[in-house]
Amino acid sequence: MFKPLPFQAVKLNEKQDSQMPTRREVLKTTALALGGIALGLNACSDNKQSSSKTNQSQTMTHTLPELPYAPTALEPHISAKTFEFHHGKHHKAYVDNLNKLIAGTDLESKTLEEVVAASAKDASKAGIFNNAAQVWNHTFYWNSMKPNGGGEPTGKLMDKIKEDFGDFGKFKEEFKNAGVTQFGSGWAWLVLEGGKLKITKTPNADMPLVHGQTPLLTMDVWEHAYYIDYQNRRPDYAQTFIDKLINWDFVSKNFELAMK
Ligand code: MN3
């Protein structure tokens, strides 16, 4: 199993300038990436050594990670049918497209996070960014949910939510609003930026890592995420996500790593 090394993430982030994160934030992002490994997020990258063991060049074949639960585990809120398409077809297509697009390029040897960072600010690599970021976003989204999820966070995360949003109800309201008001396809996020919790929304494949923010939680609001189970009722899907599905253990772990 390939594990991205911290220096790779730091080096990558240093390539980006102006609105890029401070070194402290870079280190936090690195910590998050490493935390992600503990939670199985690196399952989307599988390293294959080149046939010659002395050859330093390696190619990275990105693979579809397994869901962190059975496809029926979130029923009745999200059906196995939705996972059959969303994970088995949409997420898989992003992985397959990414592998095709980077084949034979200098991105072929990079980790998923490196590909995302390298393609984010380069319009000529928009196709690569869209697929790489969607691979990352979906893996993060599966982990943002769990069976019997929802409820309320505890401990330091809850204290911080109260500090930055006023109360937990306000957090829920703002998070739902971000998801419902994202016009067209995109994502709602809870992020940490400059030591503060914030709720953001991004269109299409866009994501917080390339904006110097540390993602803690995400909700997919592309229609393919909810149409089979909720048809056009995105607000109902968002409410159910918040009340029944959020994996606060995952969010807390991301928060603690980001605050270190
Ligand atoms: Mn999706």
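Eight bridges join strand S3 to strand S4, and the two run antiparallel; strands here are DSSP runs of E with at least two residues, helices are DSSP runs of H or I with at least four, and both are numbered from the N terminus. Two strands are taken to pair if DSSP finds at least two bridges between them. The model is a predicted one, in which local features need pLDDT of at least 70 and side-chain atom pairs count only at pLDDT 80 or more, while totals for chains, interfaces and linings use all residues. Residues are numbered from 1 along each chain as its sequence is written.

Along it, Leu190 stands opposite Leu217 in S5, and Leu192 stands opposite Thr214 in S5.

Taken together, the three strands form an open sheet with antiparallel pairing, in the order S4-S3-S5. Strand S4 (196-203) and strand S5 (214-220) stand at the edges with a single partner strand each, so one side of each is left without a neighbour in the sheet. From one strand to the next the twist averages 25°. As for S3, seven of its eight residues are buried (20 or more other C-beta atoms within 10 Å of the residue's own, these atoms being placed from the backbone), so S3 is largely enclosed by the rest of the structure.

Helix H7, residues 168-181, lies across S3, S4 and S5 and runs at about 15° to S4, where axes are lines fitted to C-alpha atoms, for helices over the stretch in contact, and angles run from 0 to 180 degrees between N-to-C directions.

H7 also packs with helix H9 (residues 234-245), at an angle of about 140° and with the axes 9 Å apart. On the H7 side, Lys172, Phe175, Lys176, Gly179 and Val180 meet Arg234, Pro235, Ala238, Gln239 and Ile242 in H9, two residues being in contact if their C-beta atoms, placed from the backbone, lie within 7 Å. The residues of this contact divide into five nonpolar, two polar and three charged, where Ala, Val, Leu, Ile, Met, Phe, Trp, Tyr, Cys and Pro count as nonpolar, Asp, Glu, Lys and Arg as charged, and the others, Gly among them, as polar.

Technical notes:
Buried ≥ 20, exposed ≤ 12 C-beta atoms within 10 Å, placed from the backbone.
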